[in-house]
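Colleague: I am new to this structure. Could you take me through the terms used for it?

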Amino acid sequence: MKKNLFFVLFLVSCAAFSQTVRKYSNEFMNIGVDAAAFGMSNAVVASTSDVNSGYWNPAGLLKLEDKQFSLMHASYFANIASYDYAAFAMPLDDKSAVGLSIIRFGVDDILNTTQLIDDEGNINYDRISLFSTADYGFTFSYARKLPLDGLQYGINAKVIRRVIGKFASSWGFGLDAGIQFENKKGWQFGIMARDITTTFNAWSIDEEEFATIQGAVEGQNQELPESTEITIPKLQLGMAKKFVYDYDYTLQTELDLNVRFAETNDIFSSSSTSITPALGLEFGYIDMIFVRGGVGNFQNVQQLDGNESVGFQPNIGVGFKYKGIYVDYALTDIGDQSAALYSNVFSVKLDWSLFR
């Protein structure tokens, strides 16, 4: 039943292509990666410093001392959708580093019931078929130090592949750019600009397959959708500081501002710009055990009675590090405080120093 509902939603989304510039496009690329970052409500753009920097801010790849590999898995919508991520990064020399990553967000084995009733009005369950829909993001990252001490930059080149069964598929291309700066007092600052080229998706629609679902949802899918889609830029600004107590105890703090150049339900919103803050904390003990917490995704939520309230998303997480092995877990949206659904996120990271 849930997968039938998902099928209807995907049919509606096909029709939404008619607007080439949309507030929400390629949103699977904005979910985030790494359970450690999720535990801090994704407030890591200034402090990120490992293989996952290729996603959060490629400038952070310059803090790598050796090759690293990362894997992550999460489930959404009561385990209907799977979200997976893998990444590899390595330093080239003391002034540059590179990284590769792939993201997949997919729903598999969706029931296609549009042909359930034949031309004579009879129900024939043999006419039910299955299909899958999946979004892929492939990213190549490059980072380099600048002449000014403590300043570094990074660039992402992205290839987007989206597939909706046999009905439609698309290719997209875009660029991200990030900067990090750390002063002599240990304050860290970061800027991440996503889709700075307004990432472009070109859709190919199978007209024969489209004809089989045309009119399946009343008032939807009556006309062939447009074949192009543009993702508008987004900006993330961050400030971080790490405090050390008695050598064994650390506290990593970061405050981020997430900016969209469109009107949304973010807590600060105008006709052209929307901003929502995120705060993350990480408490560490002997650089082995980590406890994390964060709050973000502040949204104006419309209640059933017509009143508005402010929703927010609190996250928690834990991590364990032994030599070059990192294991992290995060629980997002604890207490169901926001409009988003909670999710369990697991990730593993390996540092090549483990094998030396």
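Predicted model: local features only at pLDDT ≥ 70, side-chain atom pairs only at ≥ 80, totals over all residues.

Colleague: Why is the pair of Tyr-76 and Phe-105 called tilted?

Modeller: Rings of Phe, Tyr and Trp (its six-membered ring) pair if their centres lie within 6.5 Å; planes under 30 degrees apart are stacked, over 60 edge-to-face, and the rest tilted. Here the centres are 6.1 Å apart and the planes stand at 50°, so the pair is tilted. Tyr-76 is in strand 2 and Phe-105 in strand 4, 29 residues apart.

Colleague: What makes Tyr-76 buried?

Modeller: Buried means under 20% relative accessible area, exposed over 50%, partly exposed in between (1.4 Å probe, protein chains only). Tyr-76 has 13%, so Tyr-76 is buried. Phe-105 has 15%, so Phe-105 is buried too.

Colleague: Why is Tyr-249 called partly exposed?

Modeller: Its relative accessible area is 33%, so Tyr-249 falls in between. Tyr-285 is also partly exposed, with 33%.

Colleague: How do you know that Lys-349 lies over the face of Tyr-326?

Modeller: A charge sits over a ring if NZ of Lys or CZ of Arg is within 6 Å of the ring centre and within 35 degrees of the ring normal. Lys-349 lies over the face of Tyr-326, at 4.1 Å from the ring centre. Lys-241 lies over the face of Phe-243, at 5.9 Å.

Note on methods
Residues numbered from 1 in each chain as written. Heavy atoms only, no water. Helix = DSSP H or I, 4+ residues; strand = E, 2+ residues; numbered from the N terminus.
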